[in-house]
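Grab a pencil and open the sequence next to the 3D view. Try each exercise yourself before you read its solution.

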Amino acid sequence: MQIHLISVGNRMPDWVQQGYNEYAKRLPRECELVLKEIAPDKRRSGDIDRITKEEGERMIAALPNRVHIVTLDIPGKPWTTQDVSLSLQRWLGNGSPVALMVGGPEGLSQQVKELANESWSLSPLTFPHPLVRVIVAEQIYRAWSLLNKHPYHR
């Protein structure tokens, strides 16, 4: 199964790419984490609704077939590490690819939110979008290690 991290943003600092890669490479093939970057539109005042809509359309176009969609959104459900682990176990059991959707600075488009099968809130805090990639990759690896009784989770 593949987990697609579909995220608005490109040209990330080296530390973001290194952090993401560190956790993504630890995951086994049956739980592969794949990053799909969506180029952000230039921000101009008054264009925010159009920008968010267009970024959402590109995110949707990047989705694989028969995918289980999880939005990462502040109003989503807060998950504990155990919750992430149980979700990962369920996703692995379903066998379908999973897409974790991370919007741009203004969040996700309404169209992306409406397609979601579930919504995960990392925190009521707002994180820099580059940092979200690292946090999500680490949490997916931690969830996998918990399911597989790997010592990382201690």
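Two ground rules come before the exercises. This is a predicted model, in which local features need pLDDT of at least 70 and side-chain atom pairs count only at pLDDT 80 or more, while totals for chains, interfaces and linings use all residues. Residues are numbered from 1 along each chain as its sequence is written, and side-chain values use heavy atoms, with hydrogens and water left out.

**Exercise 1. Check the span of helix α2, then work out which of its residues are buried and where they sit around the axis.**

Step 1: Helices (H or I, at least four residues) and strands (E, at least two) are DSSP runs, numbered from the N terminus.

Step 2: Check the span. The expected value is 1.5 Å times one less than the number of residues. Helix α2 covers residues 48–61, which makes 14 residues, and its first and last C-alpha atoms are 20 Å apart, close to the expected 20 Å.

Step 3: Sort by accessibility. Buried means under 20% relative accessible area, exposed over 50%, and partly exposed in between (1.4 Å probe, protein chains only). In α2, the buried residues are Ile 51, Thr 52, Glu 55, Gly 56 and Met 59.

Step 4: Find the packing partners. The buried residues of α2 pack against β1 (2–8), β2 (32–38), β4 (98–102) and α4 (110–115).

Step 5: Zoom in on one of them. Glu 55 has a relative accessible area of 2%, so it's buried. Contact means heavy atoms within 4.5 Å. Not counting residues up to four places away in sequence, Glu 55 touches Val 8, Ile 38, Pro 40, Asp 41, Arg 43 and Gly 104.

**Exercise 2. Do the same for helix α3.**

Step 1: List the buried residues, which are Val 84, Ser 85, Ser 87, Leu 88 and Trp 91. They cover an arc of only 165 degrees around the axis, which puts them on the same side of α3.

Step 2: See what they meet. The buried residues of α3 pack against β1, β3 (68–78), β4, β5 (118–121) and α5.

Step 3: Look just past the helix. Gly 95 follows α3 and has a positive phi, near 80 degrees.

**Exercise 3. Describe how α3 and α5 pack.**

Step 1: Two packed helices are described by the angle between their axes and the distance between the axes.

Step 2: Read them off. Helix α3 (residues 81–94) and helix α5 (residues 129–147) pack at about 75 degrees, with their axes 8 Å apart. Axes are lines fitted to C-alpha atoms, for helices over the stretch in contact, and angles run from 0 to 180 degrees between N-to-C directions.

Step 3: Name the arrangement. α3 and α5 are therefore roughly perpendicular to each other (angles under 35 degrees count as roughly parallel, over 145 as roughly antiparallel, 65 to 115 as roughly perpendicular and the rest as oblique).

Step 4: Find the residues. Among those making the contact are Val 84, Leu 88 and Trp 91 of α3, and Ile 140, Ala 143 and Trp 144 of α5.

**Exercise 4. Compare the surroundings of Ser 7 and Lys 36.**

Step 1: Ser 7 is in strand β1, and Lys 36 is in strand β2.

Step 2: Check accessibility. Ser 7 is buried at 1%, whereas Lys 36 is partly exposed at 24%.

Step 3: List contacts, leaving aside neighbours within four places in sequence. Ser 7 contacts Leu 35, Lys 36, Glu 37, Ile 38, Val 102 and Arg 133. Lys 36 contacts His 4, Leu 5, Ile 6, Ser 7, Ala 62 and Pro 64.

**Exercise 5. Where do Arg 66 and Lys 149 lie, and are they buried or exposed?**

Step 1: Arg 66 lies in the loop between α2 and β3, and Lys 149 is in the segment after α5.

Step 2: Arg 66 is exposed at 73% relative accessible area, and Lys 149 is exposed at 75%.

Step 3: Check phi. Arg 66 isn't a glycine, yet its phi is positive, near 50 degrees. Lys 149 isn't a glycine either, and its phi is positive at about 55 degrees.

Key
The arc is that of the directions from the helix axis to the C-beta atoms.
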